[in-house]
Amino acid sequence: MSKIIFPQPLNYGDKAIILSPSGNTEPLYIDTAKSVLKSWGLQAETATYAYQKYGRFGGTREQRLSDLQSAMDDKEIKLIFCSRGGYGVVQLLENINYKRIRQYPKWLVGFSDITALHLAFLKKGFASLHAPMARHLTEDAEDEAGLYLKKVLFSGNINYNINSHPFNIKGNTEGRLFGGNLAVMCGLIGTPYFKIPPDGILFIEDIGEPAYKIDRMIWQLKLSGILKNISGLIVGRFADCEEDALMCETIYGIIKDMVSQYQFPVIFGFPVGHVKDNYPLIQGGNVRLSVNNDYVTIENTD
């Protein structure tokens with residue numbers, strides 16, 4: 001993987017655009033997110049098809065690609081803010097052109113299904129931001145995750161210190177963050193849009209998946225060689241994923257059983273995912289990770 005291209009931290013007056021490359025969302029969420037971005041001092045606008053509804057999607061494939069490509073190509077835009085996840089990004093990947101964004105790097109923000117876009121960006125050598133989207137800013141832009149989002153965008157820095165989890169595996173490591181939604185990521189393994197960065201530190205989260213499917217996806221990470229080629233693991237939140245007594249282990253227990261054979265440090269219960277405390281993480285960002293009995297720290301070193 002070539003040198004990672006990082007967008008510059010945002011400045012007052014920079015141009016931001018909200019678009020819907022995946023599922024559709026409520027207009028209220030887009031409008032409120034736009035107001036929040038403006039309150040941060042940005043020139044915020046909405047893409048042509050941001051409000052579109054086409055089945056479960058935020059517009060037809062052509063409309064969503066048009067909005068995304070236009071935003072990527074516009075040298076004035078410094079922030080691409082995705083309105084929501086859902087499903088649909090994978091339909092766009094093979095037709096995205098990265099020529100202009102290489103000349104004019106910008107932040108891409110989102111999570112959930114936007115994981116597919118983050119991983120495609122990373123494969124092409126671009127950092128991006130796994131972080132809350134429009135609904136979160138509508139419900140509480142001033143909570144910890146919202147404030148961290150603003151801080152990261154305007155400073156480019158992350159520095160987290162949280163209490164340790166009983167399942168954590170102690171250790172210290174340094175490497176590049178990659179990952180996101182587990183199911184979306186697993187759907188890209190073996191495609192041209194997925195690659196483990198050198199000394200990669202994987203982070204995973206998910207929502208609404210049965211325990212047996214999570215077990216299968218963790219096995220996929222092992223059997224595909226991903227787990228043996230990373231330097232650390234951050235296990236986020238698995239929202240609305242029901243425990244299954246027939247699996248004879250909890251979801252976190254399944255993951256711990258799998259990764260305990262490796263030598264890298266592991267964080268369980270990190271605040272990332274489909275939860276209120278969804279802390280921003282820079283895809284492709286180099287971080288130092290430290291895990292001890294009392295707390296864990298994550299700080300970027302780029």
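In the predicted model, lysine 124 is found in the loop that runs between helix 4 (115-123) and strand 5 (128-130). With a relative accessibility of 42%, lysine 124 counts as partly exposed. Tyrosine 98 is 26 residues away from lysine 124 in sequence, yet the two C-alpha atoms are 7.9 Å apart in space. Leaving aside residues up to four places away in sequence, lysine 124 touches Tyr98 and Arg102.

The protein as a whole contains nine helices and 13 strands. Its radius of gyration is 18 Å, close to the 19 Å that the globule rule gives for 302 residues, so the protein is as compact as a globular protein of that length. Along the principal axes, the C-alpha atoms occupy a box of roughly 50 × 40 × 35 Å. Of the 302 residues, 57% count as buried. Among contacts with a separation of 6 or more, 79% are between residues 24 or more positions apart.

The charged residues comprise 31 positive and 32 negative charges, whose mean positions lie 8 Å apart. Side chains of opposite charge can pair when their charged atoms come close.

Lysine 15 belongs to strand 1 (residues 15-19), whereas aspartate 74 is in the loop between helix 2 (61-73) and strand 3 (77-82), so the bridge ties together parts that are 59 residues apart in sequence. Both partners are partly exposed: the relative accessibility is 21% for lysine 15 and 22% for aspartate 74.

Another salt bridge joins the side chains of aspartate 140 and lysine 276, at an N to O distance of 3.2 Å. Aspartate 140 is part of helix 5 (residues 134-140) and lysine 276 sits in the loop between strand 10 (266-268) and strand 11 (281-283), so this pair ties together parts that are 136 residues apart in sequence. Aspartate 140 is partly exposed, at a relative accessible area of 28%, while lysine 276 is exposed, at 52%.

Arginine 176 and aspartate 302 also form a salt bridge, their closest N and O atoms being 3.3 Å apart. Arginine 176 lies in strand 7 (residues 171-181) and aspartate 302 in the segment after strand 13 (295-300), so the parts tied together by this pair are 126 residues apart in sequence. Aspartate 302 has a relative accessible area of 47% and is partly exposed. Salt bridges with shared partners also join Lys15, Glu45 and Asp74 into one network.

Helix 9 (residues 251-259) is mostly covered, with seven of its nine residues buried. These buried residues are Ile251, Tyr252, Gly253, Ile254, Ile255, Met258 and Val259. Their cover includes strand 8 (201-207), helix 8 (211-223), strand 9 (232-239) and strand 10. In helix 2, the residue considered is leucine 65. Leucine 65 touches Leu92, Asn95 and Ile96, when residues up to four places away in sequence are not counted. The C-alpha atoms of leucine 65 and serine 22 are 9.8 Å apart, and the two residues are separated by 43 residues in sequence.

Positive phi values in residues other than glycine were also noted. Serine 112 has a phi near 65° and is located in the loop between strand 4 (107-110) and helix 4. The relative accessibility of serine 112 is 11%, which is under the 20% limit and therefore counts as buried. Cysteine 248 likewise is not a glycine and has a positive phi, of about 65°. The position of cysteine 248 is in the loop between strand 9 and helix 9. At a relative accessible area of 69%, cysteine 248 is exposed.

Note on methods. Residues are numbered from 1 along each chain as its sequence is written. This is a predicted model: local features need pLDDT of at least 70, side-chain atom pairs count only at pLDDT 80 or more; totals for chains, interfaces and linings use all residues. Side-chain values use heavy atoms; hydrogens and water are left out. Helices (H or I, at least four residues) and strands (E, at least two) are DSSP runs, numbered from the N terminus. The radius of gyration is taken over C-alpha atoms; the globule rule is 2.2 Å times the number of residues to the power 0.38. Buried means under 20% relative accessible area, exposed over 50%, partly exposed in between (1.4 Å probe, protein chains only). Contact means heavy atoms within 4.5 Å. Lys and Arg count as positive and Asp and Glu as negative; His and the chain ends are not counted. The place of a charge is taken as NZ of Lys, CZ of Arg, CG of Asp or CD of Glu. A salt bridge is a side-chain nitrogen of Lys or Arg within 4 Å of a carboxyl oxygen of Asp or Glu.
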